[in-house]
Amino acid sequence: NAATLVGFTLTNGVAGFGAGVYCESASAVLSNCVLSANSATNGSGGGAYGGTLNDCTLSGNSANSGGGADSSTLDNCMLTGNSASDAGGGASSCTLNNCTVTGNTNLGSIYSTLNNCVVSGNTGGGASGSTLNNCTVTGNSGWGASSATLNNCIVYFNSATNGGNYDPYSTLNYCCTMPMPTNSVGNITNAPLFVDQANGNLRLQTNSPCINAGNNAFVVGSTDLDGDPRIVSRTVDMAAYEFQGTGSVISYAWLQQYNLPTDGSADFAAPDHDGMNNWQEWRCGTCPTNASSALRLLSPQRTGTNVIVTWQSVAGVNYFLECSTNLSPAPLFTPLATGITGQPGTTSYTDTNAVGTGPLFYRVGVP
C-alpha cells in the first residue's frame, strides 16, 4: 500500500479495481513504470487505482471508468489507447500534471484535474467533469470539454454531432477556442498555430497568438510538458507547451489585434502619445492606437466626509486604489482598496475615511 515501484512493467492483469496496480495508500509511488493491457472488470482503474505515478506509460488498459487510471495522481505520464465503457477512457477522478492523454476510447478524462496536459485524438470526447490548467485539447471526436473548467488551455479542432470544442456547461478562462465563450474572461478565438498538428507536434509556432496570453494565477508547477520553464516572458502561454523563444513580453494575440510586431520592438513604444506605453496599455486593457483610451483619474466628488473617486476603466480589469496626504516621499501612498472590478467606461470608489479638508491625493493602478 505504501510501496515504491521503479522501472517495472505491469501487464495483462485482471481485477475488479486497479488491474495493473491497486494502491489503498496515497503514499504509494510508481516511477518509470509501464502499465499495459490490464483490465478492471466491472470496476475502475484499468491501469492503476490510487497512488502517485511519475514518468509512467499507461496503454491499452480498460475498465468501466478510468481505463488508464482512477483516483490517482499522474506526473509526466503518457496515457494512450486506454478505454472505458462508461467514462474516462484515459483517466477518471485523477490529477494529471504534464501528461499526454491521446487516442483513448470514450471520454479522455472525467472528474479529473489536468495541468500542462495534451488531450488529443480521443473517441467520445476529450475531458468531462474535469478541471484543466495549461492543457491542449484538440482532435477529439465528441466534445473537447464537457461540464469542465479550463484555464490557460487550447480547446480547438474538436468535433461533435451537436457542437465541438466545449459544451454549454463548461467554463473557460484565458483559453484559445471557438466560439467565444460567454461569461468568461481572457479568451481568444484565433487559430492556435501548432508547429505540426498533423504529425502530433502541438508546440506553438513563433507567431502563435497563444504566446503570453494566459494568466499566471492558474499556473501549476514550474515546468511545462517538455520539462522546460513554464513561464518564459513574464506571462504564461496558453497550452501544455511553453514557447521557449525570444520576443515580446506582451500577449501575441493582443499585439496582432493592433497590427503590432511580436518581436519585442513595440513593447515600450507609445504610438498614441497618451503617456502609456504598449505594455501598460495591454495590462490596463486600453487601446494603444487611441489617445483617449487610457487609465486616467477623473475629477473627484466630495460628499460630506466622503470622497468619490472615479477613473476611466475597462470592463473586467481589476484595479487598486491608493491615497496619500501629500506628494512628498513620505508618507507613502497607502492602499484603500484592491481587486476593484472595472466597469465599462468608468468605475467609482467611495473613500469613507476621508477626514478634514485635505489635501488628499489618489492614484489608481492595475496589478
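This is a predicted model: local features need pLDDT of at least 70, side-chain atom pairs count only at pLDDT 80 or more; totals for chains, interfaces and linings use all residues.

Residues are numbered from 1 along each chain as its sequence is written, and side-chain values use heavy atoms, with hydrogens and water left out.

Let me begin with the pockets. A pocket here is an open set of points on a 1 Å grid over the protein atoms alone, where a 1.4 Å probe fits, with protein on both sides within 12 Å along at least five of seven lines; lining residues have an atom within 4 Å of a point. Grid points are joined across faces, edges and corners, and a volume is the space filled by probe spheres set on the points.

The largest pocket has a volume of about 1,100 Å³. Its lining comprises 30 residues, and those nearest the centre are Tyr174, Gly186, Trp282, Arg283 and Val317. Helix 1 (252-257) and helix 2 (278-284) are the elements that give two or more residues to this lining. Helices are DSSP runs of H or I with at least four residues, strands are runs of E with at least two, and both are numbered from the N terminus. By class, the lining has 14 nonpolar, 14 polar and two charged residues.

The second largest pocket holds about 240 Å³ of space. It is lined by 15 residues, with Thr100, Thr102, Val118, Gly200 and Tyr241 closest to its centre. Strand 18 (100-102) and strand 21 (118-120) each supply at least two lining residues.

Three strands form an open sheet in the order 35-34-37, with antiparallel pairing; two strands pair if DSSP finds at least two bridges between them. Strand 35 (334-341) and strand 37 (361-365) are the edges, each pairing on one side only. Strand 34 (residues 318-324) is joined to strand 37 by five bridges. Leu321 has Val364 in strand 37 as its bridge partner.

Finally, is Thr235 buried or exposed? Thr235 counts as buried because its relative accessibility is 11%, where buried means under 20% relative accessible area with a 1.4 Å probe and protein chains only. Thr235 lies in the loop between strand 31 (201-204) and helix 1. Leaving aside residues up to four places away in sequence, Thr235 touches Asn212, Gly214, Asn216, Glu242, Val249 and Trp282, contact meaning heavy atoms within 4.5 Å.

Conventions: Ala, Val, Leu, Ile, Met, Phe, Trp, Tyr, Cys and Pro count as nonpolar, Asp, Glu, Lys and Arg as charged, and the others, Gly among them, as polar. Buried means under 20% relative accessible area, exposed over 50%, partly exposed in between (1.4 Å probe, protein chains only).
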